[in-house]
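Reader: I am new to looking at protein models, and I would like to learn how to read one feature by feature. Could you take me through this one slowly, giving the general idea before each case?

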Amino acid sequence: MNKQQISEGILEVFAASPENTITENPIDESVAGLVMFDAPIFGIGSAADPLFETFKKVGVIGPWHMSPNEWLPEAKSIVSLFFPFSERVKADNRRYTDRPSPAWLHGRIEGQAFIHAYMRRLGEWFGKQDVKYCIPASDKRFMQIDSHNNTKLDGYPMSDVHTYGSNWSERHAAFVCGLGTFGLSKGLITVRGIAGRYASIILDVDLPADTRSYNDIYEYCIRCGRCAERCPAHAISLETGKNHIKCSEYCTEMAKQFLPRYGCGLCQTDVPCESCNPN
């Protein structure tokens, strides 16, 4: 198996995934027929990359972050995918300043449901190639961690700052796989920008890892501060970075208004890194 075959499989599964189009129960008529994502881009990383051990350090992610071989003992490679939001989703969200747009709300919730369905099919595609795999985000061991809301972290040393994340970080996996670097808003900036969603799959196939074309974790961010200006929760600052508690509390308020949907994404649209690497 090589990268070209994987690329063909990724696009084949994408074309065969109807959940990418909103056909049922839209918030309003403007969302009917919405195509949420463009075709994904992807990168390949090594399961033995030393960064995965770095992620276990307190203050980076934490010791609860599981390495590829903890998810899949035979792990040799990781394929990380970035699903860019469609222009229609991004354009709709650009128009808003105090709440997420209808298209973004669908892209966040129905979009994540689509990605779960897509990754299940992609795993089945790899299975047909006699590849053993694990999709961490769909695994029963996957755990979200939010110390502000009293997530249990028994036995783990904690830093003195709020811990918000999970035991497998899609953005950090994408960083390892050469897809991009972090921005001030803590999203990951790719060649297709920051507005989108991530997924990854761990494989027992030894694939050549993609070269990371960056050295610093914030290399693609130009620190223009536009995401801070766009944030309705005032959770982003050039001086102090991102306040995850403020962001989480604002998204909780959006959930109360728009259940079963929630989200925001204003910091990912109408910004220089929306659809490209601005650096």
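Predicted model: local features only at pLDDT ≥ 70, side-chain atom pairs only at ≥ 80, totals over all residues.

Author: Side chains of opposite charge can pair when their charged atoms come close. Here Arg-212 and Asp-49 make such a salt bridge, with 3.0 Å between the closest N and O atoms. Arg-212 sits in the loop between strand 8 and helix 7, while Asp-49 sits in the loop between strand 1 and helix 2 (51-54), so the pair ties together parts that are 163 residues apart in sequence.

Reader: Are the two partners, Arg-212 and Asp-49, buried, partly exposed or exposed?

Author: Arg-212 counts as partly exposed because its relative accessibility is 29%, whereas Asp-49 has a relative accessible area of 12% and is therefore buried, the cut-off being under 20%.

Reader: How many salt bridges are found in the whole structure?

Author: A search of the whole structure gives 14. Another of these salt bridges joins the side chains of Lys-132 and Glu-74, at 2.7 Å from N to O. This pair also links distant parts of the chain, since Lys-132 is in the loop between helix 5 and strand 3 and Glu-74 is in the loop between helix 3 (68-71) and strand 2, 58 residues apart. Lys-132 is partly exposed at 41% relative accessibility, and Glu-74 is partly exposed at 31%.

Reader: Which residues are linked in a network of salt bridges?

Author: Glu-87, Arg-94 and Glu-274 are linked in that way. Glu-87 is partly exposed, with a relative accessible area of 43%, and Arg-94 is partly exposed at 29% relative accessibility.

Reader: What should I make of Arg-230, which has no salt bridge?

Author: Arg-230 lies in helix 7 (residues 226-230), and it is buried without a salt bridge, the nearest side chain of opposite charge being that of Asp-270, 4.3 Å away.

Reader: Where is Tyr-96 found, and which residues does Tyr-96 touch?

Author: Tyr-96 belongs to the loop between helix 4 (87-94) and helix 5, and, leaving aside residues up to four places away in sequence, Tyr-96 touches Ser-101, Pro-102, Arg-230 and Leu-266. Tyr-96 counts as buried because its relative accessibility is 15%. Sequence distance and distance in space should be read separately, as Tyr-96 and Leu-266 show: they are 170 residues apart in sequence, with 7.5 Å between their C-alpha atoms. Arg-95 is in the loop between helix 4 and helix 5, and Arg-95 is exposed, with a relative accessible area of 58%.

Reader: How do I read the buried residues of a helix, such as those of helix 4?

Author: An α-helix has 3.6 residues a turn, so residues three or four places apart point the same way. In helix 4 the buried residues are Val-89, Lys-90, Asp-92 and Asn-93. Viewed down the axis of helix 4, these buried residues fall within an arc of 160°, so they line one face of the helix. Among the elements that cover them are helix 5 and helix 7.

Reader: Which residues touch the most other members in the largest nonpolar core?

Author: In soluble globular proteins, nonpolar side chains tend to be buried together. The largest nonpolar core here has 33 residues, and Leu-81, Tyr-118, Met-119 and Leu-122 touch the most other members. Helix 1 (3-15), strand 1 (41-46), strand 2 (77-84), helix 5 (102-128) and strand 8 (196-203) are the elements that give two or more residues to this core, and the largest share, nine residues, comes from helix 5. Among the residues that Leu-81 touches are Ile-10, Phe-42, Tyr-118 and Leu-179. A second, separate core has 30 residues, including Phe-175, Tyr-214, Ala-228 and Cys-231.

Reader: What does the secondary structure of the protein come to?

Author: There are eight helices and ten strands. The radius of gyration is 18 Å, close to the 19 Å that the globule rule gives for 279 residues, so the protein is as compact as a globular protein of that length. Of its 279 residues, 50% count as buried.

Terms used
Residues numbered from 1 in each chain as written. Heavy atoms only, no water. Core = buried A, V, L, I, M, F, W, Y, C linked by side-chain atoms within 4.5 Å. Buried < 20%, exposed > 50% of the residue type's maximum accessible area, 1.4 Å probe, protein only. Helix = DSSP H or I, 4+ residues; strand = E, 2+ residues; numbered from the N terminus. Contact = heavy atoms within 4.5 Å. Lys, Arg positive; Asp, Glu negative; His and termini not counted. Salt bridge = Lys/Arg side-chain N within 4 Å of Asp/Glu carboxyl O. Arc of directions from axis to C-beta. Rg over C-alpha atoms; globule rule 2.2 N^0.38 Å.
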